[in-house]
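Visitor: Please take me through this chain, with the cut-offs stated as you go.

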Amino acid sequence: MSEQSLRRQAARSRAKARRNARRRNTRRRLRLESLEQRLLLTTLVGLDAEFLACGGVDLDHLEVTPTPDLTQPLDAATITELESTTQLATLGDTFALHSNANASKTIYLDFDGHTTSGTIWNSAFNSGADIITTAYDFDGNGSSFSDAELQRIQYIWQRVAEDFIGFDVDITTEDPGAAALSKTGSGDSEWGVRVVIGGSSYDWYGAGAGGVAYVGSYNWSSDTPAFVFEAQLGNGHEKYTAEAISHEVGHTLGLSHDGTSSTGYYSGQGSGETGWAPIMGVGYYQNLTQWSKGEYSDANQKQDDLSIITSNNGFGYRADDYGNTDADAATLTSLDGSVDAYGIIERNTDTDVFSFTTGEGDISLSIDEFSRGANLDILAELFDATGTLITASNPASLLGASINTFVTAGTYYLHISGTGSGDPLATGYTDYGSIGQYTITGDIVDPSTPPPAVIPTISVSDVILNEEDGNAIFTVNLSEATTNTVTVDIATADDTAFSGSDYLAKSQTLTFAAGETSKTFSVSLVDDTNVESTETFSVNLSNAANATLADAQGIATILDTDAPPAVVPTVSINDVAVNEDDGVATFTVSLSEVTTNVVTVVASTENFTAQAGAGDYVAKSQTLTFAAGETTKTFTVSILDDTEVEIDEAFQVSLSNVIGATIGDGQGFGTIMDNDVIEAVVPKLSIDNVTVNEGDGLATFTVTLSDASAETVTVFASTKNFTAQAGSGDYISTSQKLTFEAGETSKTFTVVINDDTTVENDESFMVNLSGATGAEVADSQGVGTILNDDMVMDVTPEVSINDVTVNEGDGQAVFTVTLSEASSEAITVTASTRNYTAQAGQGDYVSTSQTLTFAAGETTKTFAVAINDDTLIESTEKFMVNLSGATIADGQGVCTIIDNDASTPTDLMLSISDAMVSEDDGLATFTVSLSDAATETVSVMASTKNFSAQVGSGDYLQNSQTLTFNPGQMTQTFSVVIVDDATSESNETFKVMLSRADGATIAEDQAIGTIVDNDGAAADSSLAEEQAQMQAAWLSAEPMAEASQFSSFLQSYDSADTTDQIDSLLRDVA
């Protein structure tokens, strides 16, 4: 910069004083932030870690965040190196750059390599050994810096300096010494932080990262640097490296990450020059990065970056460089009308005010943001000396501003401030972080320059006079006064009047002195006695000096005063054509010849294709009066300019109520030519879906243009088979070219539908759009659905379900539910699983219930039940699927699950005995037996299950128990509590089921418990025994039966009259 030498000297003095200060070591709670690495246009890289530590690194609090998706599109401004020849300093001064040399606080950008010793980095990550960081190097020659590397270092410094330009801190590339980077105590007023830039995070950190830093380390008593790794930042890419530096320095100043509820780093919003991201999020992908307080949508924290930076680190905002009001405005000086100034908006409440004095004329001012990594979005406002706003500039898509306007001579005030853009909850941002540098360049009018002389225009009037009036006097006028002398030549010229017989020819030069605006030109008339028509001659202006000609011809109309014979003229009106934006249509109403009488006629508008009520023109009626000698009048109609694209339209003007003449052509047409054009947009084509009954005959699709086009649009529409087949007689295949004339937006495409007598499902075919010209296809496919209208008559289908057998490892059992025949209407039936020896609650299968819907014409559906594969060696198990809710033929399907767990020839076999007890015995005890003595522990689950005896009816108490056989044991007992009631009832039974065996195979998985009633006459032991035996036998044959089914069997048995009938029932059981 311009103060380089002074700043370097001051920095060296501060560094020497700091090195003499006493360093104080203190233990403190540490927090490490790492910024994600970024490889230029390659692959996803690295991880981002945030640690908490106290006296070391607490890895239990390691947080890992993945880097952003590198496949997202990036604006060119964010990925271009922006290498130019413009330098802030010579390349020789690259390592002596300062942004605020007089500041007492420092942020040192260390590019030339560094050895880090005795810090928490060494103890936590390198076993206490030195950490050696190589110099910044992207060309592979680490022994020296190339010009390109020095240039890029300066650009990186510029970007980081812009991020911190509003604060009273020096961003420098000159080493101030370690002592100048540590805070030795409360009396120390000068300290800072080192940012080491170079190398790879894998050299010692052990993970992929763009940079790492300890939160709050700016105020530590040791030279504990932050690190930025060029290898993970696109080989030291200018923008990525600068963003990483500012991000890591932000952590040292006490800032945390800006993210959302779903990501630890927010990558920003918007696009282009005003695409925005928070510095403490991910700034790689957006042009504009700023400090933030979480004002974007779904921000995960609302940390006030500016407050923390300026309150907790020994420095505040930079001193204001310019006044904030007109009263203390800085003078914007000019050299020959050119202005050039530089300033800083130090905080979001700052307004820099400049005054300047200008002459009258156009002024042009450009207020530009800093050229690299700008943080400032500029609002420029121009006020006059009274405080009235003249104009303002804040382009929505640009960061800079410009003032281009015409002003009168005087003093003006230019206000420069930071601003936001758009909606911060969508793609914009507030003015919170708009802090940074700007320049003012441009041109004003030198106040000493006199205003240009006015160039007026010259016009000459028309005159109407009688032949005997003697002189025709024309008035020649200037449009405005001027300081110059104006001259113009004027001369007569014949028309229907001739010089010598009707007037005397004349020419003259008229001279307007400074300030004069009017002159007259007099022409003598000749008064004869001839009866003649009205005559005219003209006067013409030429050779104007210091003025321009506006109306260069005046017409003199000479009215003959000699008595003509009495005549009755005819009156006519012309036709007029105007553009819609001309404003008025002027009709000429003419008399066929001069008359000495006064003539009047009424002219009135009438609608035709143009409508006064529809905003095409303004209706009007007027009486026109022709004085004696006049032959023409005008009738003006106001034309309304709309924005509709429409055809040319017309209205009429009719003449009526004429006095002193007759009507010749009494009707004039006013044609309004439309001036609206269809915008140059590419319309979009789409086609709708259509649903028709089979008997409708036609399916009509509508093809629509999103906008009317000024040109012809064409597209091909063609049918395509889907479930409906043209070859099967469902519809007739059709293809057609549709043509939209200019202005049309809708066309139809018709397909013939065939009506058959087949009962079938609803079917569909497609209509595809292709080959469009003059438009784009937005929705290229319409669906035509043909609803079946054929009915199955007098059919009530019945529903059945099959049985299935599956291996335990098959994953699912699929039942087929079948209709006896197709129906013309939808049929629904509910399928639900039910436990038997397989238990859903014990993990054998997943309980399932589902409503199955047969559409018209369908006859089969499937019902799938998930089977659980365990590792238990067990017997084959079963569950049921029951149907309900329709006409049922076979309403129960049985699934048999075959165990797939390996058994050995020495497997033990488990079985359970039946038990019969009196109701008052209290317990029914079942014996569970092993086929041989166990050598290892064997277990099996025993569980009661209702049959004719019910837990809910108070017959017995529910029990479920795991029985364990220790080595050597062969039997275990399972007891069920029997409830003794006072009800006289039949003998009842319940089941005990074995399942989930471990260490043995279940040979017999079911036992019957018979409760013999002890109340009243029903307690006949022989009958009870017979009935119990019968029920046990029946259950053995029908293991999945319900109690109600046994009751029906028993009634049949009790009513049997002969031995043959009883034998037949028993054979059925067997």
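## Strands, helices, bridges and surface

Visitor: In which sense do strand E32 (residues 570–573) and E34 pair, parallel or antiparallel?
Guide: Strands are DSSP runs of E with at least two residues, helices are runs of H or I with at least four, and both are numbered from the N terminus. Two strands pair if DSSP finds at least two bridges between them. E32 and E34 have three bridges, and Ser 572 has Ser 590 of E34 as its bridge partner. The sense of this pairing is antiparallel.

Visitor: At what pLDDT do side-chain atom pairs count?
Guide: Residues are numbered from 1 along each chain as its sequence is written, and side-chain values use heavy atoms, with hydrogens and water left out. This is a predicted model: totals for chains, interfaces and linings use all residues, local features need pLDDT of at least 70, and side-chain atom pairs count only at pLDDT 80 or more.

Visitor: Which residue of E37 is the bridge partner of Val 584?
Guide: E34 runs antiparallel to strand E37 (residues 632–638), and seven bridges join the two. For Val 584, the bridge partner in E37 is Ser 638.

Visitor: How many salt bridges does the count come to?
Guide: A salt bridge needs a side-chain nitrogen of Lys or Arg within 4 Å of a carboxyl oxygen of Asp or Glu. By this rule the count is 11.

Visitor: How many residues apart in sequence are the parts that Arg 159 and Glu 238 tie together?
Guide: Arg 159 and Glu 238 form a salt bridge, with their closest N and O atoms 2.6 Å apart. Arg 159 lies in helix H4 (residues 147–164) and Glu 238 in helix H5 (residues 238–252), so two separate helices are tied together. Both ends are buried, Arg 159 at a relative accessible area of 5% and Glu 238 at 0%. The distance in sequence between these parts is 79 residues.

Visitor: How far apart are the end C-alpha atoms of H5?
Guide: The expected span of a helix is 1.5 Å times one less than its number of residues. H5 has 15 residues, so it should span 21 Å, and the model agrees with this. Its end C-alpha atoms are apart by 22 Å.

Visitor: What is the N to O distance in the salt bridge of Asp 844 and Arg 996?
Guide: Asp 844 and Arg 996 meet through their side chains. Asp 844 is in the loop between strand E53 (827–835) and strand E54 (849–854), while Arg 996 is in strand E65 (residues 988–998), so the pair ties together parts 152 residues apart in sequence. Asp 844 counts as buried at 2% relative accessibility, whereas Arg 996 is partly exposed at 25%. The N to O distance is 3.8 Å.

Visitor: What is the area of the nonpolar surface patch made by Leu 698, Ile 732 and Val 752?
Guide: Patches take residues with over 30% relative accessible area and no salt bridge, joining like charges within 9 Å and nonpolar side chains (Val, Leu, Ile, Met, Phe, Trp, Tyr) within 5 Å. Areas come from the Shrake-Rupley method with a 1.4 Å probe, and for residues only the protein chains shown count as cover. Val 752, in strand E46 (residues 746–752), is partly exposed at 34%. The patch covers about 220 Å².

Visitor: Leaving aside its neighbours within four places in sequence, which residues is Leu 787 in contact with?
Guide: Contact means heavy atoms within 4.5 Å. Leu 787 lies in strand E49 (residues 781–787) and is partly exposed, with a relative accessible area of 28%. Its contacts beyond those neighbours are Thr 691, Val 692, Asn 693, Glu 694 and Asp 762.

Visitor: What percentage of the 1070 residues of the chain count as buried?
Guide: The chain has nine helices and 67 strands. Among its contacts between residues at least 6 apart in sequence, 70% join residues at least 24 apart. The buried share of the residues is 46%.

Conventions:
Buried means under 20% relative accessible area, exposed over 50%, partly exposed in between (1.4 Å probe, protein chains only).
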